Amino acid sequence: MLKASSVIRPALIVLLVVVLLLTALWLLQRRLIYLPDTSPAGPAGAALPGARDVTLHTTDGLDLGAWLVPPTGPDRGMAVLVANGNGGNRAGRAVVARELAERGFAVLLFDYRGYGGNPGSPSEAGLALDVRAAYRHLVDEAGVRPDRLIYFGESLGCAVVTGLAVEHPPAGLLLRSPFTDLAATAATHYPFLPVRTMLRDRFPLAEQITRVDVPTAVVYGTDDSVVPADQSRAVAAAAAGPVEVTAVDGADHNDAVLFEGAEVMDAAVRLADRITAGR
């Protein structure tokens with residue numbers, strides 16, 4: 001017969017390992033969520049001729065770098081606030097701004113705290129302050145009317161702009177690869193972990209969008225390996241405003257077609273046309 005101690009001791013070791021692992025994940029989780037390119041993005045004019053560098057001021061005292069890009073095509077009299085996903089910095093979205101500008105939009109590209117040479121460390125609360133600073137710059141300093149402003153979110157940025165839209169409704173909302181909430185996406189990748197219990201940053205996009213009654217466009221890739229396509233469809237179904245859904249066949253999360261591709265740009269143009277037509 002086995003002694004009790006010979007059974008208990010290995011069980012305690014396993015328990016200790018699990019506790020240590022969960023503690024490490026708790027402490028380091030934001031390093032898994034936020035993947036910033038911390039290097040400076042460089043001058044706006046070098047990446048986008050005609051663009052200029054601007055500084056955003058957050059209510060908690062941070063100064064954030066941003067680029068304001070004028071339209072290069074026939075001016076629509078409409079601006080797009082772009083909220084990036086969780087990786088890279090604004091330099092990697094220059095092509096997005098260029099394509100939007102060619103279609104007549106003014107564009108604000110900015111980096112969150114901890115990205116693109118900015119001070120601070122990213123968190124859900126911090127990103128909420130950052131996007132509000134971007135909004136205030138466009139409305140208060142650049143003179144953009146809220147009824148001529150589109151929020152464009154990319155992946156994590158979808159949750160960032162949806163949270164902003166609850167407080168400051170835009171003319172329209174374009175969500176590229178949105179998730180229902182961060183825990184739901186994390187659970188698909190780490191089904192063996194109690195992510196809903198552990199996550200400090202929640203980003204409850206699907207709940208918040210039920211309170212945003214504006215024209216909305218949702219674009220997603222059918223082969224998205226990061227945010228399951230059914231989550232993007234669920235966000236579209238939950239939206240309070242009229243929604244147009246564009247499914248990009250065979251596209252994965254980080255494919256170029258979901259950044260500057262015609263499907264995304266055409267969705268932005270159609271959204272602008274709907275806003276102008278009052279639909």
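The count comes to 13 salt bridges, taking a salt bridge as a side-chain nitrogen of Lys or Arg within 4 Å of a carboxyl oxygen of Asp or Glu. Bear in mind that this is a predicted model: local features need pLDDT of at least 70, side-chain atom pairs count only at pLDDT 80 or more, and totals for chains, interfaces and linings use all residues. Residues are numbered from 1 along each chain as its sequence is written, and side-chain values use heavy atoms, with hydrogens and water left out.

- Side chains of opposite charge can pair when their charged atoms come close.
- Arg-93 and Glu-154 meet through their side chains in a salt bridge, at 2.8 Å from N to O. This pair links distant parts of the chain, 61 residues apart: Arg-93 is in the loop between strand S5 (87-88) and helix H3 (94-102), and Glu-154 is in strand S7. Helices (H or I, at least four residues) and strands (E, at least two) are DSSP runs, numbered from the N terminus.
- Are Arg-93 and Glu-154 buried or exposed? Arg-93 is buried, and Glu-154 is too; buried means under 20% relative accessible area, exposed over 50%, and partly exposed in between (1.4 Å probe, protein chains only).
- Arg-132 has a salt bridge with Glu-167, with 2.9 Å between the closest N and O atoms. Since Arg-132 lies in helix H4 and Glu-167 in helix H5, the pair ties together parts that are 35 residues apart in sequence. Glu-167 counts as partly exposed because its relative accessibility is 46%.
- Asp-140 and Arg-136 form another salt bridge, their closest N and O atoms being 2.7 Å apart. Both lie in helix H4, four residues apart, which is about one turn of the helix. Arg-136 has a relative accessible area of 35%, so Arg-136 is partly exposed.
- Asp-60, Arg-113 and Asp-130 are joined in a network of salt bridges.

**Aromatic rings**

- Searching the whole structure turns up three aromatic pairs. Rings of Phe, Tyr and Trp (its six-membered ring) pair if their centres lie within 6.5 Å; planes under 30 degrees apart count as stacked, over 60 as edge-to-face and the rest as tilted.
- Phe-110 and Tyr-112 make an edge-to-face pair, 5.5 Å centre to centre with 90 degrees between the planes. Both of these residues, Phe-110 and Tyr-112, are buried.
- Why is the pair of Tyr-135 and Tyr-151 edge-to-face? The ring planes of Tyr-135 and Tyr-151 are at 85 degrees, with the centres 6.5 Å apart, so the pair is edge-to-face. It links distant parts of the chain, 16 residues apart, with Tyr-135 in helix H4 (residues 124-141) and Tyr-151 in strand S7 (residues 149-154).
- Tyr-135 is buried because its relative accessible area is 6%, and Tyr-151 counts as buried at 0% relative accessibility.
- Ring pairs also link Phe-110, Tyr-112 and Tyr-115 into a cluster.
- Arg-176 puts its charged end over the ring of Phe-259, 4.7 Å from the ring centre. The rule here is that NZ of Lys or CZ of Arg is within 6 Å of the ring centre and within 35 degrees of the ring normal.

**Helix H5 and its cover**

- Helix H5 (residues 156-167) is mostly covered, with 10 of its 12 residues buried. Among the buried ones are Leu-156, Cys-158, Val-160, Val-161 and Leu-164.
- What covers the buried residues of H5? The cover includes strand S4 (78-83), H4, S7, strand S8 (172-176) and helix H8 (205-208).

**Two residues and their contacts**

- Ala-267 is found in helix H10 (residues 262-277) and counts as buried because its relative accessibility is 1%. Not counting residues up to four places away in sequence, Ala-267 touches Leu-174, Val-219, Glu-244 and Thr-246, where contact means heavy atoms within 4.5 Å.
- The C-alpha atoms of Ala-267 and Val-218 are separated by 8.3 Å, while the two residues are 49 residues apart along the chain.
- His-189 belongs to helix H6 (residues 182-189) and is partly exposed, with a relative accessible area of 37%. Leaving aside neighbours within four places in sequence, His-189 is in contact with Ser-225 and Val-226. The C-alpha atoms of His-189 and Ser-225, 36 residues apart along the chain, are 9.5 Å from each other.
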